[in-house]
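Me: Please take a close look at one part of this protein, the aromatic rings and how they pair. I should like a connected account that also places this part within the whole.

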Amino acid sequence: MSHPDSSADAPAPTIPDRPGLEGLEDRWDATWEEQGTYRFDRTKARADVFSIDTPPPTVSGSLHVGHVFSYTHTDTIARYQRMAGREVFYPMGWDDNGLPTERRVQNYFGVRCEPSMPYDPDFAAPDDAGDPKAIKKRGDVAISRRNFIDLCHVLTAEDEQAFEALFRRLGLSVDWNQHYATIDERCQRASQRAFLRNLARGEAYQIEAPSLWDVTHRTAVAQAELEDRERPGAYHRLAFHLPAGTSASDGSNDLHIATTRPELLAACVALVAHPDDERYQPLFGTTVTTPVFGVEVPVLAHELADPEKGTGIAMICTFGDTTDVIWWRELDLDVRAIINRAGRVNPEPPQGIGSEAGLAAYARLAGKTIFSAQAEMVEILRETQELVGEPEAITHQVKFFEKGDKPLEIVTSRQWYIRNGGRDTDLRTALIARGDQMAWHPPYMQTRYTNWIDGLNGDWLISRQRFFGVPLPLWYPLDEDGEPIHDTPIVPAEADLPVDPSSDPAPGYNESQRGRPGGFAGDTDVMDTWATSSLSPQIACGWEEDNDLFARTYPMDLRPQAHDIIRTWLFSTAVRSHFEADTAPWGHCALSGWILDPDRKKMSKSKGNVVTPLDLLDKHGSDAVRYWAANGRPGTDTAFDDGQMKNGRRLAIKIMNASRFALGFGTDSGTPLAVDPEAITDPLDRAMLLGLAGLVDEATQAFDGFDYARALERTEAWFWTFTDDHVELVKSRAYEGDEAGAESARHALRLALSTLLRLFAPFLPFVTEEVWSWWRGGSVHRQAWPTSDKLRDAATVDGEHVDPTTAAVAAAALAEIRRHKTTEKRSLATPVTACTLTDTAERLALLRPVLGDVTAAARATGIDLVEGDALSAEVTLEPAAG
């Protein structure tokens, strides 16, 4: 880095008469790209590198203002670290596999993936793509999985270009030569390689077990992808029948159960109550008979039963919710599942229903959707007089897939899992300890990480029954009956990755043996998108692909992300790094909050309340939008406020105008403008520099703590004081003072401007680069971050120091005189014919050496000083004309 205040490589100043903000983004983005301003220098040693695990945004249509918000936060840190002397590794990834992309392709092209269809090499995208009315009229077109994936690639490529263009417009200092997409071959290799190593070490396993299932998207769902939503429901009180000679606590022969899922009655395998509930203790170990179906089920005890919920005793069905799964597992119960993957009641009744009446009742439910089955079941219960009273309306929390629109069901299916501590206390403890190896910004966010791990009740389900994703790299041998042998999967060599078992034959087999007895079957599932993006540090750093780059960048220094995906992206990345590298994946985690709409609700595309970033950038300018974003404190939710963007634009314009003034002296010679600290001798200039040194310390400390908002807040506040007070005080001396006084003012102004431009550069990259180019060579973004010691040295003359409060005393005196002008509704330029200032002896002692600047700025003929208790002024103004 060159010395920012040296004129050795500076051009002759070219200061425009009427500078403006328009067009800066395109011009400087092109210059930065051409000059490689943000290009990563991979010759640097690891200790000199600051590597950032940039969040790969989901490629599913368009970016929203939340992306602008959080990515600006990361960029301010990247720019600071670069100026502070670190070589910044700042790649960009695109998360373009998974359900959001599939849904976008389905809707945009009007197609439906049908895996059983053969690939059509002549297939072309429909002409009416992007026209919802035309697509609705013709209906969806069924296409093969491979044709569908081709369309996914087409659309994601277009989206990625649009995303990059917007991020460039925003001014992200990303090295665009360092990028990846989670569906590209490099990422697929990394994802499949990591999975195979997890499998070899026993960290990945497959079982057939109850799993959360989204009936709309026909895929299993992981615990981290759940969200609770308030939904209307109803308690239905059902009469279970006690054995002859047995009575309930109320003396009746029936046991009443309150349930919100009467349609699952045929799946009931037990009743359960709390072991301390005296009402049901006499029944533990006995059996009851279910209404309608007449199936005998046990009455059991378990601590999770809630005596206050419903009647205090509950049905255990396979499976109504996750608590049913816990009870089923811990109480070793049978499975009588009745809901299939389509979200309908199975056509065949479960084991245990044998009575003619029970079979007839089940036949009325078979094939119905869950909603219809519930209505039918209630009607049947009324007919058998086993519905006690009428349903009682309630609202309750129901679990949904975060991208789904129907409540989740629990179905039994064969799925792949990666261990994450949900069922292993030692692993859970180790992963919590990984959190202690990271610095959290803000610190309280670590609690969310720890609490999530403590609350896990199962391992990480990674298999998905979808199409556009990284395939599970496995095949299964088929026995003599053509059935897959799941316990001995066939795995590829790492050198052959990536593979697609749906189209590539298994190692040691040929394609003619696919699906035949004694042959093989490819696993048709893909991996959860988090299974790939959880490897973003390894992918970005070239794991097993570029060992030199990996050694210089991994483990990474920073993971920036939103706080709501600590449970998914952050935690899953920690899991993969723990297994593969036995380390934390980064040294720092910086968490951003949400953007809230005027009603204080989270802005998101699913809620339909997002604001398009491009419109904001066009209206306010990129620096103004970045200013708003950078005011959002780490981890804190921030309201969308275009009024603050207007303030940001005002600040950028003020920087230009103040710079024109500060650089407006000595430009006629055509020689570079120097900054000579030796020329700064005036006490007011020196006091200003001491204040600026304090600001540099504050901003540096804030950035070192990843508190970009604090750095901006302090820098902006000091800048407005500088322009409102110091510039006004020294203006006359800079223009008309004696040579020493004028040179002191001019060099101090230039030194202050050089410092302020560098302090503002992480936030307002375009206007600071523009102003820097007026009088300095190179890019402001490659200059050294300012240091306070150089400013303090410049403020010291012959070993003598000045009191830094001198600047504030002078500003207060000028403000007091101007207050009188404002009170009398006169212009600030009105001459003062007589003035007496009163203040304490200590403050007057500071004021006397700089009284000339105050007098000139006040346009006074002279100022008398009188000692008193507090600041006050007696002011006589030149009479108004006429």
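Reply: The account below begins with the aromatic rings and then turns to other parts of the chain.

The model is predicted, so local features need pLDDT of at least 70 and side-chain atom pairs count only at pLDDT 80 or more, while totals for chains, interfaces and linings use all residues. Residues are numbered from 1 along each chain as its sequence is written, and side-chain values use heavy atoms, with hydrogens and water left out.

A pair of aromatic rings is described by the distance of the centres and the angle of the planes. Rings of Phe, Tyr and Trp (its six-membered ring) pair if their centres lie within 6.5 Å; planes under 30 degrees apart count as stacked, over 60 as edge-to-face and the rest as tilted. This rule gives 29 aromatic pairs. In one of them, the ring centres of Trp-94 and Phe-163 are 5.9 Å apart and the planes stand at 70 degrees, so the pair is edge-to-face. The pair links distant parts of the chain, since Trp-94 belongs to strand 3 (residues 92-94) and Phe-163 to helix 5 (residues 145-170), 69 residues apart. Helices (H or I, at least four residues) and strands (E, at least two) are DSSP runs, numbered from the N terminus. Trp-94 and Phe-163 are both buried; buried means under 20% relative accessible area, exposed over 50% and partly exposed in between (1.4 Å probe, protein chains only). Ring pairs also join Trp-94 and Phe-163 with Tyr-71, Phe-167 and Trp-176 in a cluster.

A charge sits over a ring if NZ of Lys or CZ of Arg is within 6 Å of the ring centre and within 35 degrees of the ring normal. Arg-146 lies over the face of Tyr-119, at 3.9 Å from the ring centre. Likewise, the charged end of Arg-193 is over the ring of Trp-543, 4.8 Å from its centre.

Helix 2 (residues 65-83) has 19 residues. The expected span of a helix is 1.5 Å times one less than its number of residues. For helix 2 this should be 27 Å, and its end C-alpha atoms are 27 Å apart, which agrees. Of its 19 residues, 19 are buried, so helix 2 is largely enclosed by the rest of the structure. Gly-85 follows helix 2 and has a positive phi, near 110 degrees.

Another part of the chain forms an open sheet of four strands, in the order 8-7-16-18, with antiparallel pairing. Its edge strands, strand 8 (219-221) and strand 18 (460-461), each pair on one side only. Two strands pair if DSSP finds at least two bridges between them; strand 7 (residues 204-214) and strand 8 have three bridges, in the antiparallel sense. Trp-213 stands opposite Ala-220 in strand 8.

Thr-311, in the loop between strand 13 (296-301) and strand 14 (313-317), is buried, with a relative accessible area of 8%. By contrast, Asp-17, in the segment before helix 1 (24-35), is exposed, with a relative accessible area of 66%.

For the protein as a whole, the secondary structure comes to 26 helices and 29 strands. Buried residues make up 54% of its 882 residues. Its C-alpha trace spans about 110 × 70 × 55 Å along the principal axes.
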